[in-house]
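Please keep the 3D view open while you go through them.

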Amino acid sequence: MEDRTPAAPPHPAHDVTEHVGYRLKRAAAALRGAMDKALRERGLTVPQYACLELLDQRPGLSNAELARGTFVTRQSMNVVLRGLQDADLISRPATTDHGRALPAHLTEAGRERLEEARSAVYAIERTMIDAFPQRRLAALLADLDRMAEALGG
C-alpha cells in the first residue's frame, strides 16, 4: 500500500473557503450574478455586453478577435454575434473582400443599448470597489494581473 501524504496547502488555510482560488471564484460568481440580472433587464447577456464594449473601443473586430477578447469560443461568439445582429445592435457584411473575417460594427441602436448597459455595469463595479479603501485599488488590479500572468493568462 502506498503512503499517501496529503498535499500541503500553498498557504495556511483551515478549509477550502480560505484558499485564494475559492475567494476569486466566489467574487467572480457574485459579479456574474449581478451582471446577469442587470443585463437581462436590458435585453443582453454578459457575453453580448462584453462584445458591444469591445466593438465600441475597436470597431471592425472579427469573430475570432471578439471571442478572444470576451473569453468565449469562436463557436459561442458566432451565436452571440447572430443574436446581436438579429436585434439590430451590430452590423456585419454578408461577404468580405478579403479573407473570411466579417468585421462587426455597432449600430446606433447598439450604441444606445451599450450606454444603458454600461451604466448598470459600472454601478455594479462601483459597489464592488466601494467595499474597500480606494488607495488599494491599483494594488488589487496589479495583483490580479500578476495572478493571471502566473497562470499563463
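1. In this predicted model, residues 24 or more positions apart account for 46% of the contacts in the protein, when the contacts considered are those with a separation of 6 or more.

2. As for overall dimensions, the C-alpha trace spans about 65 × 45 × 25 Å along its principal axes. The radius of gyration is 20 Å, whereas a compact globule of 153 residues would have one near 15 Å, and buried residues make up 25% of the 153 residues.

3. Helix α1, residues 20-40, packs against helix α2, residues 46-57, at an angle of about 80 degrees, and their axes lie 9 Å apart; α1 is therefore roughly perpendicular to α2. On the α1 side the contact is made by Arg32, Met35, Asp36 and Leu39, and on the α2 side by Val46, Pro47 and Tyr49. Sorted by class, this contact of α1 with α2 has five nonpolar, no polar and two charged residues.

4. Helix α2 also meets helix α5, residues 108-129, where the two axes come within 10 Å and cross at roughly 115 degrees, which means that α2 is roughly perpendicular to α5. The crossing of α2 past α5 is left-handed. Tyr49, Leu52, Glu53 and Asp56 of α2 make this contact with Gly110, Leu114, Ala117, Arg118, Val121 and Tyr122 of α5, and the residues involved divide into six nonpolar, one polar and three charged.

Terms used: Residues are numbered from 1 along each chain as its sequence is written. This is a predicted model: local features need pLDDT of at least 70, side-chain atom pairs count only at pLDDT 80 or more; totals for chains, interfaces and linings use all residues. Side-chain values use heavy atoms; hydrogens and water are left out. Axes are lines fitted to C-alpha atoms, for helices over the stretch in contact, and angles run from 0 to 180 degrees between N-to-C directions. Helices (H or I, at least four residues) and strands (E, at least two) are DSSP runs, numbered from the N terminus. Angles under 35 degrees count as roughly parallel, over 145 as roughly antiparallel, 65 to 115 as roughly perpendicular and the rest as oblique. Contact means heavy atoms within 4.5 Å. Ala, Val, Leu, Ile, Met, Phe, Trp, Tyr, Cys and Pro count as nonpolar, Asp, Glu, Lys and Arg as charged, and the others, Gly among them, as polar. A crossing is left-handed if the near helix is turned anticlockwise from the far one by less than a right angle, and right-handed if clockwise. The radius of gyration is taken over C-alpha atoms; the globule rule is 2.2 Å times the number of residues to the power 0.38. Buried means under 20% relative accessible area, exposed over 50%, partly exposed in between (1.4 Å probe, protein chains only).
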